[in-house]
Amino acid sequence: MRDSTRALAEWIAAGGRQIGEVLIEAGDAGFELRHYADRARDDLVLHERADAARAIATFDEAGRFRPLKTAPNLRRGWRLRLGSLSELREALDHLYPAMIGVWLSHQRGELQAVDLRETLARQTGMYRVTQKITDSQADELIGRFCRSEDGCLKHILWRIDTDRPVTTLPPDKLRPAVAGGFLPLLCHEACNLLVAQAREVVKKCEAKP
Ligand code: SF4
């Protein structure tokens, strides 16, 4: 068993029940997953293969592509019954790619957060211009784009720069909770979508007379 799958098993045995918007119920026959907002529904469409999670994760309720799998817009109306831990791991990798491994690295103190300035310094080509974003523009953008309500469910572990934290998000967004049956989704480096948004901010600024 891979380390991260074993860690997942231990987390469930210790009472772990929710990852992002997904509830996990463990029973004698295996595991059942559903959207947490569907916890009281009994009219859900049943799936029994782990790869069904890929289709569930790809489009939102309105059929639009979900470029960010950690956005709070996972569709509802399904339940996924899985017979084994490896199938559970596969389904979670479709729903929240790489998040179990990132969480385990964090648990072990091996996860290296990369500050935004460092991420932007690595950009080349059309994204090199993102290096011109100011700290306050970046802070405003992060507060708008990454917020949990309608942006992204991940907790942010990086700063804007070594001595410049993010100030536009609530403290719990920047410090993942360790209890309560939740496995936190962690952001240790700004994603491409945020970098693309930073480019838009700079471009808009440069276009102003
Ligand atoms: S930068 Fe991180 S927290 Fe922000 S949207 Fe991208 S993945 Fe989510």
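Which residues come nearest to the ligand? Cys 146, Cys 152, Cys 187, Cys 191 and Leu 194 do, out of 13 residues around the ligand. A residue counts as near a molecule or strand if its C-beta atom, placed from the backbone, lies within 6 Å of it. The shell divides into 10 nonpolar, 2 polar and 1 charged residues. Here Ala, Val, Leu, Ile, Met, Phe, Trp, Tyr, Cys and Pro count as nonpolar, Asp, Glu, Lys and Arg as charged, and the others, Gly among them, as polar.

The model is predicted: local features need pLDDT of at least 70, side-chain atom pairs count only at pLDDT 80 or more, and totals for chains, interfaces and linings use all residues. Residues are numbered from 1 along each chain as its sequence is written.

Now step back to the whole protein. Its secondary structure comes to 8 helices and 8 strands. Both are DSSP runs, numbered from the N terminus: helices are H or I with at least four residues, strands are E with at least two. The C-alpha atoms fill a box of roughly 65 × 40 × 30 Å, taken along the principal axes.

Next come the strands. Strand E3 (residues 30–35) runs antiparallel to strand E5 (residues 78–82), and 4 bridges join them. Strands pair if DSSP finds at least two bridges between them. Phe 31 has Leu 82 in E5 as its bridge partner. Strand E4 (residues 45–47) pairs with E5 in the parallel sense, over 3 bridges. There, His 47 stands opposite Leu 80. From E4 the chain crosses through helix H2 (residues 52–58) to E5, in a right-handed β-α-β crossover. Right-handed means that, with the strands pointing away from the viewer, the path from the first strand over the helix to the second runs clockwise.

The domains complete the tour. Domain 1 spans 3–106 and domain 2 spans 112–207, with bounds from an automatic or database domain assignment. Their centres, taken over C-alpha atoms, are 25 Å apart. The contact takes 17 residues from domain 1 and 14 residues from domain 2; two residues touch if their C-beta atoms, placed from the backbone, lie within 7 Å. On the domain 1 side, strand E1 (18–19) and helix H4 (99–107) each supply at least two residues. H4 gives the most, with 4 residues. This side divides into 10 nonpolar, 6 polar and 1 charged residues.
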